[in-house]
Amino acid sequence: MKRHVAATLLGVTGFLVMDSHIDWVRQDHGILLEINGQKFDPQGWMAEHWRPWRQDCQRVRAEAPDTATAQAVLQTIQQHSLPDSMEAHLLQLHLQADWAIAEVAFKTLNPSIVVLRLQGDAWLIQDSAVWSGSTAPWQTANFVRRYLQQQAPEMPQALIDCVPIEASRYAALSYGAWF
């Protein structure tokens, strides 16, 4: 067999083998890479690795849990979804202008990330901008950031970009082995 025929045959065979194991699939208004039935979010992974280079956190401040502002935010969250929310405790709070993003943990509910806005002297939960639950198979931080920004489009981009989101609280998969 001539070399160019063998090389062409090898290339076609390689492509067919890869095509049977690798695919792009649509899910939740996005595209995932599927390898042997396991789904990955390379776009989300890239976005999260690019984010530190483009974020500007100068106007965003982390608030200590023992401040009056943090206590007011926590009290608002505790009163929101009774009775389970009464035992909420604050994991982190970040503020920018009249916006806040709080991460809370509960005894009987999944951890949640909650967007709030100060109106007058009261913090109000932006009901549609709350995340709780698994993000699998999506890359956690990017998926949650996109969801919260979509649900509260007036929220400053810097605020959502500068809040650390712990993947282990919201995802069932680890992407460390693949990327």
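Modeller: A nonpolar core is a set of buried Ala, Val, Leu, Ile, Met, Phe, Trp, Tyr and Cys residues joined through side-chain atoms within 4.5 Å. Buried means under 20% relative accessible area, exposed over 50%, and partly exposed in between (1.4 Å probe, protein chains only). This is a predicted model: local features need pLDDT of at least 70, side-chain atom pairs count only at pLDDT 80 or more, and totals for chains, interfaces and linings use all residues. Residues are numbered from 1 along each chain as its sequence is written, and side-chain values use heavy atoms, with hydrogens and water left out.

Biologist: Which residues of the largest nonpolar core touch the most other members?

Modeller: In soluble globular proteins, nonpolar side chains tend to be buried together. Here the largest core has 23 residues. Ile101, Ile113, Val115, Leu148 and Met155 touch the most other members. Two or more residues come from each of β6 (99–105), β7, β8, α4 and α5. Those labels follow DSSP: helices (H or I, at least four residues) and strands (E, at least two) are runs numbered from the N terminus.

Biologist: What does isoleucine 101 touch?

Modeller: Contact means heavy atoms within 4.5 Å. Leave out residues up to four places away in sequence, and isoleucine 101 touches Gln92, Leu93, His94, Ile113, Val114, Val115, Met155, Leu159, Ile160 and Val163.

Biologist: Gln92 is on that list. Is glutamine 92 buried or exposed?

Modeller: Glutamine 92 counts as buried, because its relative accessibility is 16%. Look for it in strand β5 (residues 89–96). Next, check its polar contacts. A polar contact is a pair of N or O atoms within 3.5 Å; within protein, one must be able to donate a hydrogen and the other to accept it, and residues adjacent in sequence count only if both atoms are side-chain atoms. The side chain of glutamine 92 makes one with the side chain of glutamate 103, at 2.6 Å. That side chain of glutamine 92 also reaches the backbone oxygen of proline 164, at 2.7 Å.

Biologist: In what order do the strands of the open sheet run?

Modeller: Two strands pair if DSSP finds at least two bridges between them. The open sheet has five strands, ordered β4-β5-β6-β7-β8, and the pairing is antiparallel. β4 and β8 stand at the edges with a single partner strand each, so one side of each has no neighbour in the sheet. β6 and β7 pair over six bridges. Alanine 102 has valine 114 of β7 as its bridge partner. β7 and β8 pair over seven bridges. There, leucine 116 stands opposite isoleucine 125 in β8.

Biologist: How many residues lie between the strands in the hairpin of β7 and β8?

Modeller: Two residues lie between them. In this hairpin, glycine 120 takes a positive phi near 70 degrees.

Biologist: Now the helix. How far does α4 reach from its first C-alpha to its last?

Modeller: The expected span of a helix is 1.5 Å times one less than its number of residues. Helix α4 (residues 140–151) has twelve residues and reaches 17 Å, close to the expected 16 Å. Its N-terminal end is capped by glutamine 139, with a side-chain oxygen 3.3 Å from the backbone nitrogen of alanine 141.

Biologist: Which residues of α4 are buried?

Modeller: An α-helix has 3.6 residues a turn, so residues three or four places apart point the same way. In α4 the buried residues are Thr140, Ala141, Asn142, Phe143, Val144, Arg145, Leu148 and Gln149. Their cover includes α2 (42–54), β7 (112–119), β8 (122–132), α5 (157–162) and α6 (167–170).

Biologist: Last feature. Which cysteines does the disulfide join?

Modeller: A disulfide is a covalent bond between the sulfur atoms of two cysteines. The cut-off used is a pair of cysteine sulfur atoms within 2.5 Å. The structure holds one. This disulfide joins cysteine 57 to cysteine 162, S to S 1.9 Å. Cysteine 57 sits in the loop between α2 and β4 (61–62) and cysteine 162 in helix α5, so the pair ties together parts 105 residues apart in sequence. The torsion about the S-S bond is about -95 degrees, so the disulfide is left-handed.

Biologist: Are the two cysteines buried or partly exposed?

Modeller: Cysteine 57 is partly exposed, with a relative accessible area of 30%. Cysteine 162 is buried, at 12%.
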